[in-house]
Every structure is written in C-alpha cells, then in structure tokens.
Amino acid sequence: LVRLVEDGCPSVACYRGALRWLDQPLNSSEARAIAYRRVLESWPQSTFGAHARYGLGWAEIKLKDFDAAIETLSRLLDSNPPGNLAADARLARGIAY
C-alpha cells in the first residue's frame, strides 16, 4: 500500500483495489477508520486521499459516529472528488443524516 501511494498508481481502479485490500485484513469498522486516518495523515496530498476519506466516512457511519461521518464526507465533497466519488459521498452523507 505504501508503495502504491508513494510511487503513484495509474488509475482509480488501482486505488480502489488497494482500498479493498486494505479492508480485507481489518475485521472491524474501528480498525478500518484507524487505517484510513493513517493514510490521510501520512499522505495528505495523495490522490489516494479522496478514496481514503470516503472509506473513513463509511467506517464512521458503521460506528454510528454520524457527526464525524458528516464532517468527513463534507470535507471530501469540498475537495471536488474525482469521478463518481462525489455522488457516492453525497449518498453516504445523506445516510449519516
């Protein structure tokens, strides 16, 4: 994962695949939230960040931390995320409300 983020990844599909890989060994939403926060703290300027922020928002929803999820997803939307991520984030934020 570190290598993907630092060396760059040629497509959004690659990022999504890395996020799915990141999710697999983590058995709880709390562990996922910690991992996504770590990505955001370690590589704040990475294009990988938008997908990590989206994942963090969903982890916060699953933890029933709705205020945090709304803040996370709003911050994502403020950054003009690529592709369908904006629509997905709007839907997730609506669920958090």
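In this predicted model, α5 and helix α6 (residues 85-96) have axes that come within 9 Å and cross at roughly 160 degrees; because angles over 145 degrees count as roughly antiparallel, the two helices are roughly antiparallel to each other. The axes of α4 and α5 likewise cross at roughly 160 degrees, while those of α3 and α4 cross at roughly 155 degrees. Residues of α3 (29-42), α4 (48-62) and α5 (66-78) also contribute to the lining of the second largest pocket.

**α5 with α6**

- The crossing of α5 and α6 is left-handed.
- From α5, the residues Phe66, Ala69, Ile70, Leu73, Ser74, Leu76 and Leu77 take part in the contact, and they meet Leu85, Ala86, Ala89, Arg90, Ala92, Arg93 and Ala96 of α6.
- Sorted by class, this contact of α5 with α6 comprises 11 nonpolar residues, one polar residue and two charged residues.

**α4 with α5**

- The axes of α4 and α5 come within 8 Å and cross at roughly 160 degrees, which makes α4 roughly antiparallel to α5.
- The handedness of the crossing between α4 and α5 is left-handed.
- On the α4 side the contact involves Ala50, Arg53, Tyr54, Leu56, Gly57, Glu60 and Ile61, which meet Phe66, Ala68, Ala69, Thr72, Leu73, Arg75 and Leu76 on the α5 side.
- The contact of α4 with α5 divides into nine nonpolar, two polar and three charged residues.
- Phe66, Ala69, Leu73 and Leu76 of α5 are among the residues that meet α4, and these four are also among the residues that meet α6.

**α3 with α4**

- The axes of α3 and α4 come within 8 Å and cross at roughly 155 degrees, so that α3 is roughly antiparallel to α4.
- The crossing of α3 and α4 is left-handed.
- In α3, Ser29, Arg32, Ala33, Tyr36, Arg37, Val39 and Leu40 form one side of the contact, and they meet Phe48, Gly49, Ala52, Arg53, Gly55, Leu56, Ala59, Glu60 and Lys62 in α4.
- By class, the contact of α3 with α4 holds eight nonpolar, three polar and five charged residues.

**The second largest pocket**

- The volume of the second largest pocket is about 200 Å³.
- Its lining is made up of Arg37, Leu40, Glu41, Pro44, Arg53, Leu56, Glu60, Ala68, Glu71, Thr72 and Arg75.
- Helices α3, α4 and α5 each supply at least two residues of this lining, and the largest share, four residues, comes from α5.
- The lining residues of the second largest pocket divide into four nonpolar, one polar and six charged.
- Arg53, Leu56 and Glu60 are among the residues lining this pocket; in α4 they are also among the residues that meet α3 and among those that meet α5.
- Ala68, Thr72 and Arg75, likewise part of the lining, are among the α5 residues that meet α4, and Arg37 and Leu40, also in the lining, are among the α3 residues that meet α4.

Conventions: Residues numbered from 1 in each chain as written. Predicted model: local features only at pLDDT ≥ 70, side-chain atom pairs only at ≥ 80, totals over all residues. Heavy atoms only, no water. 1 Å grid on protein atoms, 1.4 Å probe; cavity = no way out; pocket = protein on both sides within 12 Å on 5 of 7 lines; lining within 4 Å. Points joined across faces, edges and corners; volume = space filled by probe spheres on them. Nonpolar A, V, L, I, M, F, W, Y, C, P; charged D, E, K, R; others polar. Axes fitted to C-alpha atoms, helices over the stretch in contact; angles between N-to-C directions. Parallel < 35°, antiparallel > 145°, perpendicular 65-115°, else oblique. Left-handed = near helix turned anticlockwise from the far one by under 90°. Contact = heavy atoms within 4.5 Å.
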